[in-house]
Amino acid sequence: MTYYENIVETANYIKKYFNEPIDYAVVLGSGITLELEEQQELGYEAIPLFPGNKRSNHVKGHANKLTFGKISGKNVLVLNGRLHYYEGYKMKEVAFMTYVVKFLGAKGLFITNACGAINTNFTEGDIVCLDDFISLVSNNPLMGENDPRLGERFVDMTTPFNPYLVDNLLSSAEKLDIKLHRGVYGFFQGPYFETRAEIQAFKTMGCDLVGMSTVPEVIAANHAGLPVAVLACATNMATGIQKKKHDHEHVLKTAQKISVNLKNLLIETLKNLD
Ligand code: HPA
């Protein structure tokens, strides 16, 4: 079966399982949690063609399941845990669920992640609505043959993040008095945390944040014509900017704390979306 056929079949499988249309989807980053009303679950291992279904040694902080339920009256599908390029998955495997979300008929995708802050106007615990990204990885999910049923060969990236979703996030944050920054995310392959020199180089390039995920899904969403916005959670300052060493447990703990504001932000935003 082709990549396209696997995507369509997986979308049909999920559609049949939850048996209701999906309005929006959310990807949860490391340590971030989101409970839904009337929540149903589907473990990744039960999805026959999903590339992550045999993931035994998954990254701590990722629950490996789909949940489906309601937020503010909207039907929301949540990907509790993503596949990362640093785990050894191919870029097309990392992007697989993004296309599935498109074929499920979602009107938009909210991606969250845990990342390090380079910009010193940000502090640990801050949320940043991405304005742009810089890929520091020389591979992406569009490499190789293009299937026109998924999207165009050459994808415009003038506005990678959907203005309608972003504007709604910004006005919701203002209403809730949640500080929501704007910034540029640098996608680093990992899985080691960057060196001090790398962070200085990325700062010079214009990165406000650095992390090991998100960009493959954003590229796929733009390819598929799926509106996307990203809420990046600064769980720590980047290497050399913070004086302490990195610690994944600390990343998870901070992400868990940020989850409260993230949830409130999504509740308010989804209230106002079509
Ligand atoms: N760098 C890369 N990825 C991350 C970081 C970081 O400092 N923190 C959380 N994810």
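Me: Which element gives the largest share of the lining of the largest pocket?
Reply: This is a predicted model, so local features need pLDDT of at least 70 and side-chain atom pairs count only at pLDDT 80 or more, while totals for chains, interfaces and linings use all residues. Residues are numbered from 1 along each chain as its sequence is written, and side-chain values use heavy atoms, with hydrogens and water left out. Elements giving two or more residues to the lining are β5 (108-117), β8 (209-211), β9 (228-237) and α6 (248-272); helices (H or I, at least four residues) and strands (E, at least two) are DSSP runs, numbered from the N terminus. The largest share, 4 residues, comes from β5.

Me: How much space lies in the largest pocket?
Reply: On a 1 Å grid over the protein atoms alone, a pocket is an open set of points where a 1.4 Å probe fits, with protein on both sides within 12 Å along at least five of seven lines, and lining residues have an atom within 4 Å of a point. Points are joined across faces, edges and corners, and the volume is the space filled by probe spheres set on them. For the largest pocket that comes to about 370 Å³.

Me: Which residues of the lining are closest to the centre of the largest pocket?
Reply: The lining divides into 10 nonpolar, 12 polar and 2 charged residues. Here Ala, Val, Leu, Ile, Met, Phe, Trp, Tyr, Cys and Pro count as nonpolar, Asp, Glu, Lys and Arg as charged, and the others, Gly among them, as polar. Of the 24 lining residues, the closest to the centre are S30, Y86, F193, M212 and H248.

Me: Which side chains make a polar contact with the side chain of R82?
Reply: R82 sits in the loop between β4 (74-80) and α2 (91-103), and is buried at 5% relative accessible area (buried is under 20%, exposed over 50%, partly exposed in between, with a 1.4 Å probe and protein chains only). A polar contact is a pair of N or O atoms within 3.5 Å; within protein, one must be able to donate a hydrogen and the other to accept it, and residues adjacent in sequence count only if both atoms are side-chain atoms. The R82 side chain makes one at 3.4 Å with S213 and one at 3.5 Å with T214.

Me: How many residues of α5 are buried?
Reply: Helix α5 covers residues 215-224 and is mostly covered. Its buried residues pack against β1 (24-28), α2, β5, β6 (127-135), β7 (180-187) and β9, where contact means heavy atoms within 4.5 Å.

Me: How many disulfides does a search of the whole structure find?
Reply: A disulfide is taken as a pair of cysteine sulfur atoms within 2.5 Å. The C129 sulfur is 11 Å from the closest cysteine sulfur, in C233, so that is too far for a bond. For C233 the closest is in C115, at 7.0 Å, also too far. The search finds 0.
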